[in-house]
Amino acid sequence: MAGIYLHIPFCKGKCAYCDFYSVGNIKLKKDFVKTICKEIELQKEYLRSEPIQTIYFGGGTPSLLSVQELEEIINRIIKYFNVEKNNEITVEANPDDLTKEYLNGIKEVGVNRLSIGIQSFNNNDLLRMKRKHSVRQAIRSVRYAQEQGFKNISIDLIYGLPDLSLQKWEENIEQALNLNVQHISAYHLTIEPKTLFYKYYRNNSFVPPSEDESLDQLKKLIEKTEQKGFLHYEISNFAKDGFLSLHNTNYWMGVKYLGLGPSAHSYNLTSRQWNIQNLRGYIDEIFKGKIPFEEENLSPNEKFNDYLITSLRTMWGINTKKIEHEHGINFKTHFEEKSDNFLKANFLSKSGNNYKLTKKGMFISDHIILSFLND
Ligand SMILES: C[S@@+](CC[C@H](N)C(=O)[O-])C[C@H]1O[C@@H](n2cnc3c(N)ncnc32)[C@H](O)[C@@H]1O
Ligand code: SF4
């Protein structure tokens, strides 16, 4: 079992918080589609004919691809890989791209899951984030998708924004829940270097919330989504029963994946590799038949750290039998020793060989994970 991720590196403009790789015009879109189709063929051996359960178009803005372009790419994957019948094909989409016709088209070519980047239900916050859509468009895009028969819709929200009062955040959550979507990803704002928000932050025109305010926002999110029957299955992810993101869950479970397109990462249990973050360079190299990537073989420490980082944030947590089996007894002992204080302080809970973050622990997950990492 494995997954395929495709990075679509185009955006209409850069959002103020975002550092994902993308370019601000679509001049090279046709060339890019040809190129990624070629890369699919060049990489056909990477997953060694494992059944492909999930295909994920991320970005950038995959909804800038036309229906025909998406179809061409999906068909190419089906031609060269062993795609399971019962697959999950996700497209990350921006609300302003989602017309009824487009939604109907992408559904027809096999897309069965949408991840719509709404970010906020407040027009002032959307403007400040430099989003290209209004709240009305965002709500309408979800409605259109539902009308066109999409039964697996996720929306993205961001909290921890400056001036986001708890009341305003609560209104955001309520609005999200009113839309009857199956999945919500809510991310705390990270102020990434090279973004506009970073510039504001550096010249003090942007004051992030205090730690306590951020925690209150996360608590509110957990409380409200729980009341509506959502399963909190990863720190930033909430799903109705049966609608967990299979692609991301596999990723957190350490399943192999192939990443295609500039900046995309791949993982095959023994090494990680990532394509260059340069669209022109990517197109030129693939045209010559070479994939421009860098590679890192994973040391035992790195494999253990990867397992910790991805598992501890999920509701399944960490299993010490698995650590012993896959990483060795020393790593298991290391984990058990370090976990003692967190268990006593009720940041971690233990059931048999399984360790999970408690709600209290989730609020300081980064700190806990860091202290477990082996160097
Ligand atoms: C790769 S982005 C692309 C999604 C799509 N292009 C869009 O804008 O809706 C996926 C999601 O990551 C989240 N994100 C990106 N940068 C972030 C940041 N600095 N802090 C928190 N969330 C962020 C946003 O919620 C975004 O929808
Ligand atoms: S959030 Fe989405 S639309 Fe905005 S810059 Fe990032 S990838 Fe592009």
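**Entry 1**

I use buried for under 20% relative accessible area, exposed for over 50%, and partly exposed for what lies in between, with a 1.4 Å probe and protein chains only. The model is predicted, so local features need pLDDT of at least 70 and side-chain atom pairs count only at pLDDT 80 or more, while totals for chains, interfaces and linings use all residues. Residues are numbered from 1 along each chain as its sequence is written, chains are lettered from A and ligands numbered from 1 in the order in which they are written, and side-chain values use heavy atoms, with hydrogens and water left out.

I then recorded that Glu174 forms a salt bridge with Lys224, with 2.7 Å between the closest N and O atoms. The pair links distant parts of the chain, since Lys224 belongs to helix H8 (residues 211-227) and Glu174 to helix H6 (residues 166-178), 50 residues apart. Lys224 is buried, its relative accessible area being 13%. By salt bridge I mean a side-chain nitrogen of Lys or Arg within 4 Å of a carboxyl oxygen of Asp or Glu. Helices (H or I, at least four residues) and strands (E, at least two) are DSSP runs, numbered from the N terminus.

**Entry 2: Asp366 and Arg313**

I noted a salt bridge between the side chains of Asp366 and Arg313, at 2.7 Å from N to O. This pair also links distant parts of the chain: Asp366 sits in helix H15 (residues 365-372), and Arg313 in the loop between helix H11 (300-311) and strand S13 (318-319), 53 residues apart. Arg313 is partly exposed, at a relative accessible area of 22%.

**Entry 3: Arg76 and Glu41**

How many salt bridges does the structure hold? I recorded 23. One of them pairs Arg76 with Glu41, whose closest N and O atoms are 3.1 Å apart. I placed Arg76 in helix H2 (residues 67-80) and Glu41 in helix H1 (residues 29-42), distant parts of the chain 35 residues apart. Arg76 counts as partly exposed at 23% relative accessibility, and Glu41 counts as partly exposed at 26%.

**Entry 4: Asn152**

I located Asn152 in the loop between helix H5 (135-147) and strand S5 (153-159). Is Asn152 buried or exposed? Asn152 counts as buried because its relative accessibility is 14%. With neighbours within four places in sequence left aside, I listed Asn112, Arg113, Leu114, Gln182 and Phe243 as being in contact with Asn152, where contact means heavy atoms within 4.5 Å.
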